[in-house]
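The following questions and answers go through one protein model, element by element. Please keep the sequence and the structure in view while reading.

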Amino acid sequence: MIGSHGVSHAPSHTHSHVGANHGVGNSVSGHGGSGALPQSAGPQGSAGGGTLLGYIGIDTIIEQMRKKTMKTGFDFNIMVVGHSGLGKSTLLNTLFKSQVSRRSAGWARDEKIPKTVEIKAVSHFIEEGGVKMKLTVVDTPGFGDQINNDNWWLCVNPHPPPPPPPPLPASWEPIGKYINEQYEKFLKEEVNITRKKRIPDTRVHCCLYFISPTGHSLRQLDLEFMKHLSHSVNIIPIIAKADTMTIEERLDFKQRVRKELEMGGVEYYPQKEFDEDMEDKSDNDKIREAMPLAVVGSDKEYQVNGKRVLGRKTAWGVVEVENPNHCEFAQLRDFLIRSHLQDLKEVTHNIHYETYRAKRLHGNGGLHPVAANDTQESNL
Ligand SMILES: Nc1nc2c(ncn2[C@@H]2O[C@H](COP(=O)(O)OP(=O)(O)OP(=O)(O)O)[C@@H](O)[C@H]2O)c(=O)[nH]1
Ligand SMILES: [Mg+2]
């Protein structure tokens with residue numbers, strides 16, 4: 001349930017590294033519960049990987065971490081990107097069952113979602129089962145709205161010759177800039193002499209890339225964008241407005257897109273190289289085989305078989321967003337939130353941020369410590 005809504009970058013963020021203790025309690029047995037003191041590592045000691053003579057309580061770390069997370073909460077930041085009108089803002093609202101794509105104040109539920117005209121980060125505090133999450137959704141304007149350089153290269157032998165490409169920034173630049181700005185903010189906080197107890201985490205943990213349900217080839221811009229940004233952020237490609245395709249068209253298109261991404265050398269999350277073990281590999285292989293998930297978004301509720309469901313009403317019936325027979329929205333939601341949320345945060349921190357940090361510190365001859373009042377958050 002969504003508690004209070006706030007504007008992005010509210011000062012009371014929390015930062016979480018929950019789950020960073022891999023491998024806890026995986027080789028020690030002996031749940032005697034007797035509270036016996038640890039034994040020195042002998043023939044039966046833990047040092048050689050054998051059993052302990054009494055229960056120490058290592059496994060309670062899980063409960064300790066749970067309590068800590070309950071207290072501190074955690075941040076999760078998600079971005080949506082793609083061509084104009086593909087349902088980006090709608091899907092954000094669908095994912096979190098609320099109007100998260102914009103500030104809540106003054107919003108009426110029946111109002112139509114307005115066109116997104118600027119990169120906008122909006123934060124919300126969500127609480128479920130006693131766990132608090134500070135969710136920041138970063139909505140971006142559709143490609144083709146704020147830029148005009150995505151068509152110039154389509155001119156083939158025109159007469160007279162085409163003008164040179166306009167000197168506008170590449171379409172992904174404002175988005176890449178936003179992503180890097182969040183890394184920079186985090187880095188500045190890290191190297192600060194007077195560090196905050198918990199560094200506010202506004203880094204983008206996941207970028208949903210919307211693919212138009214054309215049934216044809218991906219656009220060059222789609223490939224270019226994903227190729228460039230996949231090294232800075234976890235990109236998850238999805239097929240938008242899946243209700244506009246038949247089941248066969250959808251399957252064919254998914255296959256085609258996967259092939260084109262592979263041919264184009266586009267990497268996306270979850271990357272094979274980051275699978276940590278066989279279990280990870282087998283879980284992630286299933287996800288990779290199903291990608292890009294074909295989703296439907298809606299923030300309207302309808303009555304179906306006596307139940308209220310989110311859906312899109314058509315002349316033939318209601319397309320139910322969460323019905324796995326209708327589309328793959330539920331699979332996307334489960335993947336993003338229920339199984340991979342922590343991993344998205346870890347890959348962001350350990351891989352993408354680390355790459356940025358290394359480049360930045362290396363390229364600059366070291367980053368000079370900044371004064372506390374130099375680290376104010378931008379209004380982006
Ligand atoms: N058929 C269909 N229509 C959708 C879906 N999701 C959203 N729409 C509709 O598509 C239109 C645009 O939705 P938005 O969520 O504003 O799309 P957007 O990508 O945020 O648009 P921009 O901000 O202009 O880039 C609205 O009329 C939505 O109701 C979907 O899954 N299927
Ligand atoms: Mg929008």
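Q: In the loop between which two elements is the place of P292?
A: This is a predicted model, in which local features need pLDDT of at least 70, side-chain atom pairs count only at pLDDT 80 or more, and totals for chains, interfaces and linings use all residues. Residues are numbered from 1 along each chain as its sequence is written, while chains are lettered from A and ligands numbered from 1 in the order in which they are written. Helices (H or I, at least four residues) and strands (E, at least two) are DSSP runs, numbered from the N terminus. On that basis, P292 belongs to the loop between α6 and β7.

Q: What kind of peptide bond joins M291 and P292, and what is its omega?
A: Most peptide bonds are trans. The bond that joins M291 and P292 is cis, with omega at about -10°.

Q: Which residue is joined to P270 by a cis peptide bond?
A: P270 has its place in the loop between α5 (247–263) and α6 (278–290). The cis bond there has an omega of about -5°, and the residue that it joins to P270 is Y269.

Q: Is K241 buried or exposed?
A: K241 sits in the loop between β6 (235–239) and α5, and its phi is near 45°, a positive value in a residue other than glycine. A residue is buried if 20 or more other C-beta atoms lie within 10 Å of its own, exposed if 12 or fewer, and partly exposed in between, with C-beta atoms placed from the backbone. Because 21 other C-beta atoms lie within 10 Å of K241, this residue is buried.

Q: Is N305 buried or exposed?
A: N305 lies in the loop between β8 and β9, and its phi, near 50°, is a positive value in a residue other than glycine. Because N305 has 6 other C-beta atoms within 10 Å, this residue is exposed.

Q: In the sheet with antiparallel pairing, what is the order of the 3 strands?
A: Two strands pair if DSSP finds at least two bridges between them. β8 and β9 pair in the antiparallel sense over 4 bridges, with V309 in β9 as the bridge partner of Y302. Strand β9 (residues 307–314) also pairs in the antiparallel sense with strand β10 (residues 317–320), over 4 bridges. The sheet is open, and its order is β8-β9-β10.

Q: Which strands stand at the edges of this sheet?
A: A strand with a single partner has one side left without a neighbour in the sheet, so the edges are held by β8 (301–304) and β10.

Q: Which residues does K300 touch, not counting residues up to four places away in sequence?
A: K300 is placed in the loop between β7 (293–294) and β8, and is partly exposed because 15 other C-beta atoms lie within 10 Å. Two residues are in contact if their C-beta atoms, placed from the backbone, lie within 7 Å. Leaving out residues up to four places away in sequence, K300 touches L310 and G311.

Q: How far apart in space are F210 and A240, C-alpha to C-alpha?
A: F210 lies in strand β5 (residues 206–211), and is buried because 26 other C-beta atoms lie within 10 Å. Beyond four places in sequence, F210 touches several residues, including V80, I238 and A240. F210 and A240 are 30 residues apart in sequence, and their C-alpha separation in space is 5.7 Å.

Q: How many residues does helix α2 give to the shell around ligand 1?
A: A residue is near a molecule or strand if its C-beta atom, placed from the backbone, lies within 6 Å of it. Of the 18 residues around ligand 1, G87, S89, T90, T116 and G142 come nearest. Helix α2 (residues 88–95) gives the most to this shell, and its contribution is 3 residues.
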